[in-house]
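Subject: Structure for your review

Dear colleague,

Please find the structure below, together with its sequence.

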Amino acid sequence: MRELIEIARDLARSGERRILGIAGAPGAGKSTLAAAIVDALGGRARLAPMDGYHLAQAELERLGRADRKGAPDTFDAPGYVALLRRLRAAGEEIVYAPRFDRHAEEPVAGAIGIEREVPLVVTDGNYLLLDDGPWRQVRGLLDAAWFVQVDDDLRRSELVERHMRHGRSPEAAEDWVRRVDEPNATLVAASRDRADLVVSRSGVVAVDQSGR
């Protein structure tokens with residue numbers, strides 16, 4: 001973890017706004033890693049998670065997509081791209097980003113304020129490296145992109161536990177992981193080669209400078 005924090009710290013020292021993207025499959029530990037980096041850098045970094053661009057539950061139900069919430073087309077991808085463009089421009093005194101409330105299972109608009117002087121924005125999510133539809137624009141807006149890799153059995157087990165903590169029965173949690181999370185994980189795994197670094201929860205696993 002110390003190595004990853006130092007890489008992020010170097011990005012924050014560049015003298016201009018940088019954006020670090022952390023991608024990976026559902027349950028890989030992206031959010032935990034992103035939060036740890038932001039915490040370590042203090043006021044020099046701010047977190048702007050992709051999950052804030054989940055479509056609202058009512059809209060997912062209207063579209064008939066609520067039963068696969070978390071798939072690429074259950075997010076406002078163009079809205080997320082627009083946020084990244086605003087953050088890169090760093091022309092506004094403050095940019096507000098949404099966050100996702102996992103207890104309410106709903107996005108919360110304007111929940112994260114990112115001031116112009118903050119040199120590093122860390123954003124995490126499943127689809128940052130996806131080369132399809134509006135998602136393909138994301139990679140070019142990131143100054144650095146990491147892919148978090150973790151043992152699949154451990155990841156699935158932790159996903160089941162997460163779903164149970166948020167109210168699903170063990171059976172329903174296992175069904176959701178099998179039916180929804182794992183197809184998304186397969187899709188995300190195919191985007192790994194677009195990352196600069198492949199990392200574990202503790203450090204660098206591999207470097208690939210051909211990611212873009």
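Which residues lie nearest the centre of the largest pocket? Before the reply, please note that the model is a predicted one.

The largest pocket

The residues nearest the centre of this pocket are Asp-51, Arg-102, Leu-159, Arg-162 and His-163, and the lining as a whole comprises 30 residues. The volume of the pocket is about 670 Å³. Two or more lining residues are given by each of the elements α2, β5 (120-125), α5 (152-165) and α6 (170-189). Of these, α5 provides the largest share, with 6 residues. Sorted by class, the lining holds 13 charged, 11 polar and 6 nonpolar residues.

The pair α5 and α6

Two packed helices are described by the angle between their axes and the distance between the axes. For α5 and α6, the axes come within 9 Å of each other and cross at roughly 130 degrees. The two helices are therefore oblique to one another, and their crossing is right-handed. On the α5 side, the contact is formed by Arg-155, Arg-156, Leu-159, Val-160, His-163 and Met-164. On the α6 side, the residues are Pro-170, Ala-173, Glu-174, Trp-176, Val-177, Asp-181, Glu-182 and Ala-185. By class, this contact has 8 nonpolar residues, 5 charged residues and 1 polar residue.

The crossing of α1 and α2 is right-handed. From α1, the residues in contact are Leu-4, Ile-5, Ala-8, Arg-9 and Ala-12, and they meet Leu-33, Ile-37, Ala-40 and Leu-41 of α2. The residues of this contact comprise 8 nonpolar and 1 charged, with no polar residue. Helix α2 also gives two or more residues to the lining of the largest pocket.

With kind regards

Conventions. Residues numbered from 1 in each chain as written. Predicted model: local features only at pLDDT ≥ 70, side-chain atom pairs only at ≥ 80, totals over all residues. Heavy atoms only, no water. Left-handed = near helix turned anticlockwise from the far one by under 90°. Helix = DSSP H or I, 4+ residues; strand = E, 2+ residues; numbered from the N terminus. Contact = heavy atoms within 4.5 Å. Nonpolar A, V, L, I, M, F, W, Y, C, P; charged D, E, K, R; others polar. 1 Å grid on protein atoms, 1.4 Å probe; cavity = no way out; pocket = protein on both sides within 12 Å on 5 of 7 lines; lining within 4 Å. Points joined across faces, edges and corners; volume = space filled by probe spheres on them. Axes fitted to C-alpha atoms, helices over the stretch in contact; angles between N-to-C directions. Parallel < 35°, antiparallel > 145°, perpendicular 65-115°, else oblique.
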